[in-house]
Amino acid sequence: MKVVIVESPAKAKTINKYLGKDYEVLASFGHIRDLPPKDGSVDPDADFHMLWEVEDRGAKRVAEIARAVKGASKLILATDPDREGEAISWHVLETLNQKRVLKDVAVERVTFNAITKDSVQTAMANPRAIDQGLVDAYLARRALDYLVGFRLSPVLWRKLPGAKSAGRVQSVALRLVCDREREIETFRRKEYWSLVATLATQAGAEFEARLVGADGRKINRLDVGSGDEAEAFRRDLELATFQVGNVEAKPAKRHPQPPFTTSTLQQEASRKLGFAPAITMRLAQRLYEGVEIGGETVGLITYMRTDGVDMAPEAVREVRGVVAREFGDRYCPDVPRRYSVKHKNAQEAHEAIRPTDPSRHPKQVARYLDADQARLYDLIWRRTLASQMESAQLERTTADIVAQVGPRRLDLRATGQVVIFDGFLTLYQEGRDDEEDEESRRLPPMKQGEALDRRSIAATQHFTEPPPRYSEASLVKKMEELGIGRPSTYASILQVLRDRDYVRLEKKKLVPDDKGRIVTAFLERFFDRYVEYDFTAGLEEQLDQVASHETDWKQVLRDFWQHFSAAIEGTKELRMSEVVDQLNDALAPHIFPDRGDGSNPRACPNCGSGMLSLKLGKFGSFIGCSNYPECRYTRQLAAPSADGEGDGSNPEGGTPGVRVLGEDPETGFQVTLRDGRFGAYVQLGDGDKPKRTSLPKGVKTADLELALKLLSLPRRVATHPETGEPILANIGRYGPYVQHGKVYANLGKDDDVLEIGSNRAIDLIVAKETGGGRRFGNGAAADPGRALGSDPDSGKPVVVKAGRYGPYVTDGETNATLPKGTSADLVNLDDALVLLRARREAGGSKAKGRKGASSRGKAAKSNGTKAAATKTDAKAPAAKKPAAKKPAAAKSAGKSAATKAPARKSAAPKA
């Protein structure tokens with residue numbers, strides 16, 4: 001028997017069918033071990049010794065693999081063909097060697113770029129050893145990321161209350177977003193005018209021509225800078241006579257783009273399909289691992305983490321054959337196209353992303369895929385075919401027009417473009433982040449010397465625009481251009497920035513939050529070397545040299561640590577006043593913008609003598625006066641608007657981080673927006689027990705209208721159809737919920753606590769009362785989860801849901817928490833079935849309301865396993881306690897937290 005190790009159960013299932021009964025294919029579920037998140041996991045004083053830890057989930061996988069290897073003739077490591085895949089194989093091999101189970105067992109490493117029968121069998125026939133260069137590059141990258149994260153983040157925590165973390169690549173990506181925002185803030189608009197004449201030929205065909213010169217002087221786009229100057233030109237053009245000076249038509253070609261890399265796939269999927277990079281990668285993973293078509297499971301695309309743009313020769317032949325059949329020989333060029341990468345640090349170790357079989361038309365496979373998978377496959381298929389199609393042939397025409405006003409000559413120009421042969425454009429055209437004028441309009445026929453009729457003259461005012469904010473697609477493109485990060489990291493970097501509340505998405509554009517700007521400013525002032533674009537790209541180049549066996553990985557770490565440790569040491573004596581002074585200077589355009597009246601933007605508008613300064617508090621940052629406590633002026637960090645409104649200022653002072661929204665018309669009490677330990681909230685009045693309500697998740701701020709609606713909670717939504725008692729909607733510490741007596745049901749992510757109707761509220765409560773909901777988090781009715789399919793043995797539907805202690809999968813009877821670090825978006829049916837089967841074999845948890853946590857903990861203990869095999873089970877309160885029927889989300893709708901604390905303590909089971 002030969003044992004094959006891959007990453008995922010879906011991949012294992014497919015490959016097992018290809019290899020037959022002489023092979024046993026097992027999944028490692030990604031990495032089986034990692035650096036524990038504590039100080040000392042990488043020890044620079046011990047030549048960067050790395051302490052690896054096998055987690056509970058990894059231990060189960062290792063035990064399963066070790067059992068299979070005993071008595072096997074060969075161990076074949078078939079993880080993904082990139083650095084991460086090489087590292088997973090290395091970890092498996094190292095762990096099995098430590099267990100001493102590989103005696104007399106041959107070990108081979110194989111890689112394949114596509115999960116098809118031919119690719120897998122070819123790989124099995126061409127094994128190799130583990131590439132130590134790729135492993136060393138992985139070790140260096142993990143050590144660098146660990147050292148930056150675990151040494152730099154504590155500095156942020158000490159010096160910047162509220163900051164969450166810093167990362168080697170994450171912080172550089174954040175700087176890109178912040179730098180662009182600074183460009184926008186410091187941008188000064190410039191006025192300019194365009195003059196366009198609408199003219200007509202002798203045949204009556206109209207076209208437009210733009211002023212480009214006057215009196216022998218060239219006029220560029222921004223040269224006409226005032227309305228008076230534009231009006232003078234307009235008057236002359238109104239009096240001028242026009243004729244064609246010269247007409248020139250030039251042939252041109254537009255060539256197709258290469259097949260997708262990871263970066264370009266994420267960019268195009270964002271532009272054309274509206275997918276976030278993380279969604280794109282989840283869908284691509286599913287297409288790569290394969291779907292069942294005609295009774296056979298086949299991978300539809302090649303490996304999706306790559307920066308290579310070329311294809312295998314046999315793939316090129318297949319694509320060209322499909323092009324000829326689908327579009328005709330004219331659309332297939334005589335010579336196959338070859339592509340190379342132009343951006344920094346491209347490895348080109350793998351093929352571009354392409355269909356494994358280009359003859360599988362998107363319409364044929366659509367019925368085997370969900371809608372988003374089908375759209376992404378269609379995009380990949382079109383781009384691949386277009387890359388081997390003929391260029392589009394264009395004709396670009398330029399007509400120079402002469403306008404004569406007495407002795408004065410004015411020059412105008414009209415341009416146009418027509419497609420003579422569409423070529424690849426018949427199938428695919430690449431999207432753009434910022435649309436440009438393609439001059440695609442067609443000019444009418446005209447001859448040199450032909451007189452033209454004037455129809456109208458337009459003088460139009462314009463203003464220059466600041467550079468646009470980054471979209472997720474354009475930020476990925478910029479990172480790739482600079483050589484920052486790698487294909488496998490782009491999606492996770494963007495997700496981390498959003499999870500840390502360093503950036504937010506507004507109209508599909510990335511906007512830095514104040515927290516992110518402060519972190520970036522601090523790093524630029526005190527750790528500037530480590531957020532420089534060139535330094536980060538240079539470090540990536542060194543890691544590439546390690547991968548290609550050109551550089552010793554520990555020497556890279558030594559060089560980095562020598563300067564980095566000194567920079568960390570230099571901040572120990574740093575006083576908070578020094579930090580604030582540097583931040584005031586770095587963030588001045590954002591927090592102290594020019595008022596336009598010549599006054600000092602930092603002068604306190606309340607007392608007049610004090611200076612405004614950044615204040616750092618554990619509940620957030622704000623602007624305060626240097627004359628505190630005599631002057632208690634405060635405002636939010638964001639700069640005030642031009643009219644002085646909406647700045648959140650409080651001339652009378654009060655608590656920092658407090659913004660006065662107005663007065664409650666019923667009580668006359670002041671309504672304020674405040675920063676609290678658990679996030680922003682609104683408060684009515686003051687006193688010992690003022691009414692407070694948290695802002696809903698995802699809402700960053702509030703005006704008076706929203707605040708009053710939130711303070712009106714709990715609100716009566718419906719009447720229970722059986723008891724006649726009211727059903728209330730409210731917001732608690734863990735989110736919005738509905739309540740009927742002592743029954744609580746959390747709202748789903750698409751429910752609005754202020755808008756939820758009676759029918760929806762009744763459905764949630766009834767589902768909870770009949771056992772359909774979960775004890776904590778989103779219940780089954782509140783969050784139906786993502787359907788994965790049906791269990792082939794029982795026929796029960798299997799779904800993945802978001803739980804209070806992490807995502808889990810369930811078939812309605814058994815729940816299984818996902819392994820740590822596994823995204824719910826990446827789980828498929830095969831993964832879920834393996835987890836549920838393992839959970840049942842271990843004395844699985846019952847899904848009904850997730851009750852019996854305490855008894856399961858005892859059972860697990862008696863079986864010699866940890867009660868925390870499923871985090872939700874280990875942490876959930878015991879179901880038999882009366883207080884346990886009330887979810888934590890409803891804490892604000894009953895007795896105070898102080899009176900409930902003993903009940904919660906007594907309800908919590910001991911592990």
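## A first look at this predicted protein model

Buried residues make up 49% of the 911 residues in this protein, where buried means under 20% relative accessible area, exposed means over 50% and partly exposed lies in between (1.4 Å probe, protein chains only). The model is predicted, so local features need pLDDT of at least 70 and side-chain atom pairs count only at pLDDT 80 or more, while totals for chains, interfaces and linings use all residues. Residues are numbered from 1 along each chain as its sequence is written, and side-chain values use heavy atoms, with hydrogens and water left out.

**Overall build**
- The protein has 25 helices and 35 strands; helices (H or I, at least four residues) and strands (E, at least two) are DSSP runs, numbered from the N terminus.
- Of the contacts with a separation of 6 or more, 65% join residues 24 or more positions apart; a contact means heavy atoms within 4.5 Å.

**Confidence**
- Mean pLDDT is 82, and 85% of the residues reach 70 or more; pLDDT is the predictor's confidence in each residue, from 0 to 100.
- Residues 639-648 stay under 50 in pLDDT, and the model has 14 contacts for them beyond four places in sequence.
- Residues 773-782 also stay under 50, with 45 contacts beyond four places in sequence.
- Where pLDDT is low, the predicted coordinates should not be read in detail.

**Nonpolar cores**
- The largest nonpolar core has 102 residues, and L75, L96 and F522 are among those with the most contacts inside it. Such a core is a set of buried Ala, Val, Leu, Ile, Met, Phe, Trp, Tyr and Cys residues joined through side-chain atoms within 4.5 Å.
- Helix 5 (residues 132-159) gives this core its largest share, 14 residues.
- A second, separate core has 74 residues, including V4, I76, V120 and V809.
- Leaving out residues up to four places away in sequence, L96 touches V62, I65, A66, V69, L75, V101 and L102.

**Helix 5 against helix 16**
- The axes of helix 5 and helix 16 (residues 533-547) come within 7 Å and cross at roughly 150°. This makes the two helices roughly antiparallel, because angles over 145 degrees count that way.

**A closer look at F622**
- F622 sits in strand 21 (residues 620-625) and counts as buried because its relative accessibility is 11%.
- F622 and R635 are 13 residues apart in sequence and 6.1 Å apart in space, C-alpha to C-alpha.

Notes: Axes fitted to C-alpha atoms, helices over the stretch in contact; angles between N-to-C directions. Parallel < 35°, antiparallel > 145°, perpendicular 65-115°, else oblique.
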